[in-house]
Every structure is written in structure tokens, then in C-alpha cells.
Amino acid sequence: MTNGTAAARRPTELWLALGAIALATAVYLPLARGGPPPASGLFGHGLGVLGFLLMLFAETAYTWRKHVHREGWGPMRRWLQAHVFTGLVGPYLVLLHTAFEFRGLAGVVALLVLVVVASGVVGRFAYTAVPKAGPAEPPGGARRALSLWYLLHVPVAAAMFVLAFVHVAAALYYATLLR
């Protein structure tokens, strides 16, 4: 058994995320009968804000918890599960927010979101498949490959957030200050 827990073999957070995505889809589809709701409308903005906040939680809370070594904050496994859940549901809501239009800065942010989610899914399964570091490195340098994955996932996520903040600032500027 790798990583020592049955939870590593049962990705509960993935099933919960799929359930939340199905629920979001069930709410979205009736509103999208005449075409996707506009990203700039109340519903579209709501999806974007909620999705962005979930993504921000996925990034900041898990990173923060990795650096806090106090008892009482719960096991890292739970924080990783929350990271995976919010890291899947948030981007899905942001995708719905786009109204499937991928132009300009928002299109670049959407592309980076897809890269981060795809690399996160790969990393989630790689992380649970690779044994913890110990005296003997597993064959094929799996720990080294996981380190290389981390070097892709984290900087792309950082770039995505920087551009997302620029997108939010521009949307607020054009929607409110220019009216």
C-alpha cells in the first residue's frame, strides 16, 4: 500500500467535486437554454466570483497549511482533499463564467486554468502513487519526477492568479468606473 492510507486509494474529494460540478451544471443548464448566460451578467459574475474564491482558497489555504506545523489544524491529507475539491469546482465555475468565449486576457487566464487543473489532476495521482521519501529512492526516479511536476504546477498557478487579478481589476474598472 503506497502512502499508507486507504484514503489515498479512494479519492473521496474527486467524487464530491464531481457531485458539486453536476449540481452546478443542473443549475446552469436551464439558464443556458437560449445560449450561455453572459459573463458580465449577474449570474455570470456570480459564477466567476465564486469560482475565483474557491480557486484562491485552493491555492492559499493548502500552501499556508503546508508551512504551519502546529497541532490542531488537522491532517495534511484533509487539506489536500480540500485543495483538490476547490481546485476542481472553482475552475469549473470559472469556465461557466466565461460563457465559452476565450478572447483576450480572459482567454489566456482560461487556458492557464486548464493547464493548472490538468497538471493538478496528474499531480494528485502521482502524489498518492509515489512512496514517501525514505532511504531508498523508488525505481525510475519517481520522487524527482514529482519535483519536476511541482516546478510546472506552482509557477503556472502563480501566473494564472496574477493574470486573474488583472482581469478582475480590468473588469471592475470597465464595468464601474467608466459608466
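This is a predicted model: local features need pLDDT of at least 70, side-chain atom pairs count only at pLDDT 80 or more; totals for chains, interfaces and linings use all residues.

## H3 and H4

H3 and H4 pack with their axes 10 Å apart, at an angle of about 150 degrees. H3 is therefore roughly antiparallel to H4. Angles over 145 degrees count as roughly antiparallel, under 35 as roughly parallel, 65 to 115 as roughly perpendicular, and the rest as oblique. The axes are lines fitted to C-alpha atoms, for helices over the stretch in contact, and angles run from 0 to 180 degrees between N-to-C directions.

The crossing of H3 and H4 is left-handed. In a left-handed crossing the near helix is turned anticlockwise from the far one by less than a right angle; clockwise gives a right-handed one. The helix names come from DSSP runs: helices (H or I) have at least four residues, strands (E) at least two, and numbering starts at the N terminus.

H4 passes H5 in a left-handed crossing. The contact of H4 with H5 has 20 nonpolar, five polar and no charged residues. Here Ala, Val, Leu, Ile, Met, Phe, Trp, Tyr, Cys and Pro count as nonpolar, Asp, Glu, Lys and Arg as charged, and the others, Gly among them, as polar.

H1 and H3 cross at roughly 20 degrees, and their axes come within 9 Å. That makes H1 roughly parallel to H3. Their crossing is right-handed.

## The largest pocket

Rolling a probe the size of a water molecule over the atoms shows where empty space is left. A pocket is an open set of points on a 1 Å grid over the protein atoms alone, where a 1.4 Å probe fits, with protein on both sides within 12 Å along at least five of seven lines; lining residues have an atom within 4 Å of a point.

How much space lies in the largest pocket? About 860 Å³. Its lining has 29 residues, and Ala39, His45, His97, His167 and Ala171 are the closest to its centre. H2 (42–67), H3 (76–97), H4 (104–129) and H5 (142–177) each give two or more residues to this lining. H5 gives the most, with eight. The lining divides into 19 nonpolar, seven polar and three charged residues.

## The second largest pocket

The second largest pocket has a volume of about 700 Å³. Of its 32 lining residues, Tyr62, Leu80, His83, Trp149 and His153 are the closest to its centre. H2, H3, H4 and H5 each give two or more residues to the lining. Which element gives the most? H5 does, with 10 residues. By class, the lining has 21 nonpolar, seven polar and four charged residues.

## Confidence and numbering

Residues are numbered from 1 along each chain as its sequence is written.

Technical notes: Side-chain values use heavy atoms; hydrogens and water are left out. Grid points are joined across faces, edges and corners, and a volume is the space filled by probe spheres set on the points.
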